[in-house]
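Please examine the sequence and the structure shown here. The paragraphs that follow are intended to be read beside them.

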Amino acid sequence: MLTLDILICTLNTRIVRIPDLLMPEKKGVNYIVSFQYTKDDYLKMIPESLEQRSDVMLVKLRGEGLSANRNYALSHATADLVYLIDDDTRFLPDTVDTILETFEKDEKLDIAVFKTQSYAGKDVRQYESSARVLDSFSDFLYVLTDDMVCRRARMVDYGLWFDARFGLGSHYLSCYEVQILLADAHQHHFYIKYFPQPIIQTSAIFLPRLIFVDAKVQRSFGALLYYYYGNMAFLKAFGFAFHAMRRKMAHFMPLFKHFMEGIFYLRGTRNRDMA
């Protein structure tokens, strides 16, 4: 029987939400709560109930940066499967069964991508209705962390981690850390497949939706293009900005400028661990 570690990343005061998020104890399923805090005062807010559950491991990390927090949680995982979620999520009644059955049916599966819903039970983005293999930039572009469950041994074998230059809390970029992880996985020939079953609900806003209004998201997209396409990113960025202008979604120059900033930032920062 496969085992599952559910990795929950939280920051500062949000630690108080965690007990309400957890499901009843289930054999083979454990939680790793990675508590990132910016001041020691927040340590006093840790709920006592977390330490009373035998299926919960609480680890603490001082600092900021969601990707760094996710990597810290991953470093403590030991189960066959890992599922990284944020602290604003809510499980569905069949979440665990759906995950375990999916991987048990296909031993070659490395990463499964499912559906995430809002609290109202609506899909948070447009999902396809049929299962299929994911193997391209466009396939990976809108995948959420909450969508994705990974086989841990494969991640360990290939040193697959989140790039801390991307993600909330990083000083220059704000998102697309999942897309970087999937790009690395694809490069190592991971078998990645989408399944049209919902497994979780969230209240979070999908940051890439702000690509036409938020400069940090725009820089992140430029950086993602460079990570994936190399020098072809300049042409890709030009084409995206041009089509956005034609569709009257954004002005060309500010959008293209921020794409360029992201491209040049990534070209000049070779350290994936920097936040």
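Asp139 and Arg132 are joined by a salt bridge, with their closest N and O atoms 2.5 Å apart; the term denotes a side-chain nitrogen of Lys or Arg within 4 Å of a carboxyl oxygen of Asp or Glu. Asp139 has a relative accessible area of 14% and is therefore buried, whereas Arg132, with a relative accessible area of 29%, is partly exposed. Here buried means under 20% relative accessible area, exposed means over 50%, and partly exposed lies in between, with a 1.4 Å probe and protein chains only.

The coordinates come from a predicted model, in which local features need pLDDT of at least 70 and side-chain atom pairs count only at pLDDT 80 or more, while totals for chains, interfaces and linings use all residues. Residues are numbered from 1 along each chain as its sequence is written, and side-chain values use heavy atoms, with hydrogens and water left out.

Over the whole structure, a search finds 15 salt bridges. One of them pairs Lys26 with Asp97, whose closest N and O atoms are 3.7 Å apart. Lys26 lies in the loop between helix 1 (18-21) and strand 2 (29-37), and Asp97 lies in helix 4 (residues 95-105), so the pair ties together parts that are 71 residues apart in sequence. Helices (H or I, at least four residues) and strands (E, at least two) are DSSP runs, numbered from the N terminus. Lys26 counts as partly exposed because its relative accessibility is 38%, and Asp97 likewise counts as partly exposed, at 36%.

A further salt bridge joins the side chains of Arg70 and Asp86, at 3.3 Å from N to O. Since Arg70 belongs to helix 3 (residues 66-75) and Asp86 to strand 4 (residues 81-86), this pair ties together parts that are 16 residues apart in sequence. Both Arg70 and Asp86 are buried. Elsewhere, a network of salt bridges links Arg14, Arg17 and Asp87.

Helix 4 also holds Thr98, which counts as buried at 11% relative accessibility. Apart from its neighbours within four places in sequence, Thr98 is in contact (heavy atoms within 4.5 Å) with Phe114, Gln197 and Ile199. The C-alpha atoms of Thr202 and Tyr119 are separated by 5.9 Å, although the two residues are 83 residues apart along the chain. When neighbours within four places in sequence are left aside, the contacts of Thr202 are Asp88, Thr89, Thr116, Gln117, Ser118, Tyr119, Val124 and Asp146.

Why can helix 7 be described as largely enclosed by the rest of the structure? Nine of the 11 residues of helix 7 (residues 177-187) are buried, so the rest of the structure largely encloses this helix. The buried residues are Glu177, Val178, Gln179, Ile180, Leu181, Leu182, Ala183, Asp184 and Ala185. After helix 7 comes His189, which has a positive phi, near 65 degrees.

The discussion now turns to helix packing. Helix 8 (residues 215-229) packs against helix 9 (residues 233-246) at an angle of about 140 degrees, with their axes 8 Å apart. Axes are lines fitted to C-alpha atoms, for helices over the stretch in contact, and angles run from 0 to 180 degrees between N-to-C directions. Helix 8 and helix 9 are therefore oblique to each other; angles under 35 degrees count as roughly parallel, over 145 as roughly antiparallel, 65 to 115 as roughly perpendicular, and the rest as oblique. Phe221, Leu225, Tyr226 and Tyr229 in helix 8 meet Ala233, Lys236, Ala237 and Phe240 in helix 9. The residues of this contact comprise seven nonpolar, no polar and one charged, where Ala, Val, Leu, Ile, Met, Phe, Trp, Tyr, Cys and Pro count as nonpolar, Asp, Glu, Lys and Arg as charged, and the others, Gly among them, as polar.

Helix 8 also crosses helix 10 (residues 252-268), at roughly 55 degrees, and the axes come within 7 Å. This makes helix 8 oblique to helix 10. The contact residues of helix 8 with helix 10 divide into 10 nonpolar, four polar and three charged. Among them, Phe221 and Tyr226 are on the helix 8 side, and Leu255, Phe259 and Ile263 are on the helix 10 side.
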